[in-house]
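Morning, everyone. Please have a look at the model on the screen, and then I will walk you through it.

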Amino acid sequence: MRTTIQCFLPYVDEQQVKATVEGLKESSLVSKITLLATDPEAKACLGCDLLHIDSLNSSATMLAIAEHCDSDYLLLYTKQNTLVMGYLAMDRFVQLARDSKAGMAYSDYYTVVEGKKANAPVIDYQFGSLRDDFNFGSVMFFNTADFKKAAAGIDKRYSAAGLYDLRLRLSRIAPLVHINEYLYSDVTVDNRKSGEKIFDYVDPKNRGVQIEMEEACTAHLKAIGGYLEPVFEPIEFNRGEFANEASVIIPVRNRVRTIRDAIRSVLSQKTDFPFNLIIIDNHSTDGTSEAIEEFTSDPRVIHIVPERDDLGIGGCWNMGANHPEAGKFCVQLDSDDVYADENTLTKMVKAFYDNNAGMVVGTYMLTDIDMNMIPPGVIDHKEWTPENGRNNALRINGLGAPRAFYTPMLREIHVPNTSYGEDYALGLNFSRHHQIGRVYDVVYFCRRWDDNSDAALDINKMNANNLYKDRIRTWELQARIDLNKSK
């Protein structure tokens, strides 16, 4: 019996879908093309079926697709651009989806912008790939039977999280398989730098969407045994003796342009407790070391140049936290950034006691190098709640800044010796057992400029970062499932 594929495309008008439809019809495997229209006045065209939907990502749309699909496989295109399938790409999707028993297959692809083609590789899906913004590309190739089975389990209707909910349900039925081949071309219309895109998920206009995504993710965690009840282990804050109540930790390498501002913002803090500043200078060569030395006449400033040459940001943090003069609480400050005012340290330390927290996260504002606010402005991560924050943390891609830790616990857990994701790994680990306190006042200015470590990353670096964070989620999720089993 001939294998068949039904294709579902977002539909605005005939001109928008014409080239895509004509290209898909070239494959003998395509049995039907269905246009997905949000305009109630839309009419079928080009010999395609028409399905009226409320939005592409809703639960209602997933159920409608399941009901109307009668082929072996279904292809869902998620963009309003022109899709150009590669030579025999449909056959390849079918072959590998069948061989791997994939519930869904997705592939690397090309983007075409103003006639210029570029590679757009994607990453492997993991057990912990719970981000709602996981990039599958714009072509999602489903086994129809698995799609229908996942859709049949939908027990809550989402307006924005329907597709996300379905793929989480699907992942419990069959694997989501990455094909490391370039099987189609797509036109990219979002030309912002990657460093701007990474903050989209915390844009306040998306708050309602975030709530839906959290609900879908929480339901998934409960289904796989990874959900943690809001019960936390108490902390006495009496472990060890510390001459300082707090230490600000700054790992730095080659930030001569910004390090003085960072240091001044620490030394200007007004507190009723002793604190110091531990700077781990990771072999700077641009004058940063000399800039730090300008401040060492202040006994609160400790300037360390490691003997080791294999330390990332996390390794530098470990060195600072384990310093004999480290305070009871270690508070983060990146060498690019500054504290918002003289009360930051006081507010962060107070939050430990107010929340009985092992870790505290503040609120920051994005600024340019001159500390003028830039979009999206204040990042408060209010999606974190005492009741569900540590579960939702497995979905979002960051926890906020500045971060602070109860030092005895930090010394036990250790910071991964990486320069990306190390703070996220700590947040997941701390939250497995302990409350994370929050400060919702803006206490930190996160300065964006051309030399930031995450400014305008190329796609390979972004993929490596996201792959690592998904790996962190996988490890943490496995640990949480084991923790629940042991109770």
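Let me start with a charge and a ring. The charged end of Lys117 sits over the ring of Tyr110, 4.3 Å from the ring centre. "Over a ring" has a rule: NZ of Lys or CZ of Arg is within 6 Å of the ring centre and within 35 degrees of the ring normal. Lys382 does this too, over the face of Tyr440, at 5.8 Å from the ring centre.

Now the ground rules. This is a predicted model, so local features need pLDDT of at least 70, side-chain atom pairs count only at pLDDT 80 or more, and totals for chains, interfaces and linings use all residues. Residues are numbered from 1 along each chain as its sequence is written, and side-chain values use heavy atoms, leaving out hydrogens and water.

Next, the overall picture. The protein has 15 helices and 18 strands. These are DSSP runs, numbered from the N terminus: helices are H or I with at least four residues, strands are E with at least two. The C-alpha atoms fill a box of roughly 80 × 55 × 40 Å along the principal axes. Of the 487 residues, 55% are buried. Buried means under 20% relative accessible area, exposed means over 50%, and partly exposed is in between, with a 1.4 Å probe and protein chains only.

On to the aromatic rings. A pair of rings is described by the distance of the centres and the angle of the planes. Two rings of Phe, Tyr or Trp (its six-membered ring) pair if their centres lie within 6.5 Å; planes under 30 degrees apart are stacked, over 60 edge-to-face, and the rest tilted. How many aromatic pairs does the whole structure hold? The search finds 20. Take Phe237 and Tyr406: their centres are 5.1 Å apart and their planes at 80 degrees, so the pair is edge-to-face. Phe237 is in the loop between helix 7 and strand 10, and Tyr406 is in strand 17, so the pair ties together parts 169 residues apart in sequence. Both Phe237 and Tyr406 are buried.

Now the backbone. Most residues other than glycine have a negative phi, and most peptide bonds are trans. Here are some exceptions. A cis bond joins Pro375 and Pro376, with omega about 0 degrees. Pro376 is in strand 16. The bond from Ala401 to Pro402 is also cis, with omega near -5 degrees. Asn254 is not a glycine, yet its phi is positive, about 55 degrees. Asn254 lies in the loop between strand 10 and helix 8. Met371 is not a glycine either, and its phi is about 65 degrees.

A cavity is a set of points on a 1 Å grid, over the protein atoms alone, where a 1.4 Å probe fits but cannot get out; lining residues have an atom within 4 Å of a point. The largest cavity has a volume of about 70 Å³; volume is the space filled by probe spheres set on the points, which are joined across faces, edges and corners. Which element gives the largest share of the lining? Helix 14, with three residues. Among the lining residues are Trp317, Arg403 and Glu422. That's my tour, thanks.

Terms used:
1 Å grid on protein atoms, 1.4 Å probe; cavity = no way out; pocket = protein on both sides within 12 Å on 5 of 7 lines; lining within 4 Å.
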